[in-house]
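Here is a short note for a colleague opening this model for the first time. Please read the points with the structure in view.

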Amino acid sequence: MALPVAEWQGRTARLWAALDPALRERLAAASLHDAVRLGCELLRTEEEEEAALVQLCLQTPTDKNPEAASWYREQGNREFKRGQYQAALGLYSKAASHELPGSPEVSLCFANRSAALLHLGHFEACLEDIARAERHGYPDRLLPKVLLRKAECLLCLERLQDAQDILRVLESKIALNGVMTTHLTRLKKLSQLKVKLGEKERCPEPALEARGGIQGEPEIWEENSSISGASSSLSLSFDAERGRHLLASQDIEPGQSLVKEEAFVSVLCPGESLPLQDGDTAWDTRATNADLYCHRCLRQLLASVPCQGCSYAKYCSQGCADMAWQQYHRTECSLGALLLTLGVFCHVALRTVLLAGFAEVSRLVAWSHHGDKNLQSPEARCKPLSEAAAAGAGSRGIPGCHSNGQYQSSYQALFHLLPHTEQHSPEHKFLCTLSVVAICKQLQAAGLEAAVLNQESSQQWSEPKTCEKTSDELSPELKTVAEAMLRHVLQLQCNAQAITVMQELGPGDGAVVDKKPVRLATAFFPVLSLLNHSCCPNTSVSFSGTAATVRASQPISSGQEVLHCYGPHWCRMRVAERQQLLSQYFFECRCRACLEELESGVKSVVSIRNSFCCPKCQAQMQGEEDTLCCSNEACATSASRDHLSGRLQDLQQQIKKALDLLRGGKADQSIKMLLKCQMDAGTFLSPEHLLMGEMEDHLAQVYATLGKWQEAARHLKKSIEIVEMHHGPSSVETGHELFKLAQILFNGFAVSEALSTIQRAEGILSVHFGPQSAQIQELQEMKACLSQLPRNILQRT
């Protein structure tokens with residue numbers, strides 16, 4: 001959720017409508033500085049709005065809650081007893097995040113989670129959780145149980161000496177009573193196993209050798225001397241029409257890396273969660289992004305390390321937790337509910353100023369008021385240059401560049417991204433203003449101002465101080481912070497980058513893994529933001545954690561602009577739909593695809609392929625009005641657009657039910673429903689409609705679940721034909737479909753066809769994701785496995 005919750009948006013909209021017209025006019029025309037000042041005055045008088053915001057925050061609590069922790073731990077125990085160790089793992093993590101630091105119960109959460117990790121085969125993570133349990137005061141009477149688990153892990157990891165040491169500790173602790181005899185018996189068995197493992201001669205694992213031998217070649221990379229994180233094959237340019245943009249300074253081949261940049265700031269998108277209602281005694285057990293990914297580096301979590309101050313922030317390691325606390329979380333920790341209520345954009349804005357530091361924030365805010373006349377001192381190490389000086393001044397005159405002409409992924413570059421203050425609607429600017437002022441007022445009320453201004457040393461896991469006396473008036477420094485935050489919230493509409501990750505659909509334990517891209521975080525990438533939009537881009541962007549990589553997706557000639565797609569792609573929607581979506585960026589797209597479609601007046605291929613067809617003769621239905629007519633003059637059948645759209649919606653609901661049946665283990669029923677949907681779709685949808693391809697893909701998935709590989713491959717090939725028509729043979733969408741086909745052919749032992757499919761998928765996906773990506777590695781492992789088969793088998797297949 002980028003913007004504040006709907007209730008807060010509604011309240012600010014009503015407040016805006018109730019303002020005196022003269023005040024609305026002043027706010028609409030106000031600079032960022034004046035907007036903050038007026039926003040402070042309004043919130044100071046509108047106590048009802050502040051009280052309402054407090055109530056909204058109660059719907060998304062982020063404080064520690066021992067009652068919730070106990071409930072989650074009980075649910076985890078229940079899943080563990082059922083053998084559902086993955087579900088138990090997630091529930092124990094939720095429990096640990098709610099326990100108070102230093103309480104005996106938190107050690108039980110880590111110990112229980114270590115048992116789930118042992119069953120799942122994550123031995124190193126199990127050992128880490130056992131160590132956490134011991135550090136948090138795990139009861140001495142229960143210690144033999146976790147030490148025994150530790151010994152098992154060490155044996156599985158073949159660390160025999162360490163296991164021997166643990167067994168000696170166990171022997172000294174175990175008392176010979178009824179309960180401990182069980183431990184002693186198991187200990188003896190483990191001792192015998194240890195002897196056997198010690199005597200056994202071990203060989204290196206072939207799988208590991210194979211994995212190490214098929215790593216892709218490292219990419220050749222020469223960094224640009226004047227643009228941080230960019231390839232030397234690019235140059236930075238500026239003109240009035242395109243603003244800052246990147247050009248190819250030499251011919252570029254498909255797959256070549258052009259930009260490698262760490263986000264200046266990123267904030268995890270929390271994902272959907274059910275807010276607690278009055279009287280609720282249960283908590284949400286679903287795993288969201290907040291449970292699955294590190295809140296700092298965005299790595300996928302296995303056994304999360306919870307923040308010791310709140311129940312929301314979770315990390316992949318203690319190192320990430322400590323770094324986040326030092327950089328920004330010591331300020332954000334007590335504001336979790338407020339930040340979730342006011343949305344990711346406000347959260348990104350706050351974290352941006354915290355990372356930049358108040359000195360740099362105040363310097364650039366002052367510059368925005370007075371130009372660079374006050375920034376001639378030696379301390380002004382990042383002298384910004386005005387746009388007026390840009391013409392003919394080379395990179396030294398491009399906004400955001402340093403005085404030496406370098407454009408870096410820095411706060412200065414980020415600050416110079418356009419906020420489009422005059423082009424946002426007055427209502428939107430008002431919503432953003434009140435939201436950032438509310439955050440700054442809470443910072444002041446919670447005694448966090450000194451931390452924001454970098455005047456207070458970091459004390460690990462310290463409680464926020466409470467002010468003896470809180471003023472309704474924001475301090476001048478916090479008004480500066482609010483102004484910078486307002487600038488960043490407005491910038492995000494045009495410059496936010498969604499960090500996406502390929503997330504598995506379903507449990508992910510099948511032979512064929514289906515994945516889809518999911519928005520994981522919102523971030524600022526100052527260098528990536530230099531790329532202008534095109535509906536037919538020549539680049540592809542991929543992510544690894546908080547790092548973005550831009551690769552050429554097609555040949556780019558020297559002097560040609562390097563272009564990125566902001567979302568609406570020419571092969572996914574018509575020009576009118578694209579132009580409407582792009583209006584949020586405050587420009588009219590004049591890319592080649594838009595101009596060709598607008599000037600030719602020819603109906604786009606998207607409209608033709610995703611059209612309705614005549615229920616009688618299957619010819620294309622056409623018309624711009626509510627009534628569509630068959631394009632076959634001899635037929636003359638007509639139908640209501642609303643009626644056909646309703647049938648399409650019903651069909652999509654039936655497909656969803658079929659997939660629910662598959663997830664419920666009812667594959668045969670799922671097939672019957674999908675085949676029925678396919679027959680129904682054939683009576684009113686074009687054979688090339690994307691939904692026809694999706695149904696073929698779903699059928700392939702069901703047949704693969706049943707191990708019917710030939711049937712699965714047949715349906716997936718039909719899906720690939722339709723995907724290629726819409727997205728092109730070298731598109732990332734085609735690459736993902738070929739990857740699934742390679743998995744099916746591999747499992748079905750269709751060796752020669754699998755090898756050729758792997759080669760084609762590898763060629764496409766390496767262009768978009770690079771040779772080191774997980775999908776490429778998996779394809780290479782399949783190829784290595786198939787290539788090792790006896791020659792006579794390869795010849796037969």
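1. A word on annotations first. UniProt positions are given in the numbering used here, feature names are shortened, and annotations may be inferred rather than shown by experiment. The unreviewed UniProt entry carries the annotation "domain: MYND-type" for residues 294-333. In that span, the end C-alpha atoms lie 15 Å apart. The span is 38% helix and 10% strand.

2. Ground rules. This is a predicted model, where local features need pLDDT of at least 70, side-chain atom pairs count only at pLDDT 80 or more, and totals for chains, interfaces and linings use all residues. Residues are numbered from 1 along each chain as its sequence is written, and side-chain values use heavy atoms, leaving out hydrogens and water. Helices (H or I, at least four residues) and strands (E, at least two) are DSSP runs, numbered from the N terminus.

3. The sheet. Three strands form an open sheet in the order E3-E11-E10, with antiparallel pairing. Two strands pair if DSSP finds at least two bridges between them. Strand E3 (257-262) and strand E10 (539-544) stand at the edges; each has a single partner strand, so one side of each is left without a neighbour in the sheet. From one strand to the next, the twist averages 15 degrees. Axes are lines fitted to C-alpha atoms, for helices over the stretch in contact, and angles run from 0 to 180 degrees between N-to-C directions.

4. The E3 side. Five bridges join E3 to strand E11 (residues 547-552). Ser 257 has Arg 551 in E11 as its bridge partner.

5. The helix on the sheet. Helix H29 (residues 751-769) packs there, touching E10 and E11. Its direction makes about 125 degrees with that of E11. Contact means heavy atoms within 4.5 Å.

6. The E10 side. E10 and E11 run antiparallel and are joined by six bridges. Val 541 stands opposite Val 550 in E11. The hairpin of these strands has two residues between them, and Gly 545 takes a positive phi near 65 degrees. Is E10 mostly covered or mostly open? Five of its six residues are buried (under 20% relative accessible area; exposed is over 50%, partly exposed in between; 1.4 Å probe, protein chains only).

7. Asp 291. This residue lies in helix H13 (residues 289-292). Asp 291 counts as buried because its relative accessibility is 18%. Not counting residues up to four places away in sequence, Asp 291 touches Lys 94, Arg 286, Leu 301 and Lys 314. With the side chain of Lys 94, the Asp 291 side chain makes a polar contact (3.2 Å). A polar contact is a pair of N or O atoms within 3.5 Å; within protein, one must be able to donate a hydrogen and the other to accept it, and residues adjacent in sequence count only if both atoms are side-chain atoms.
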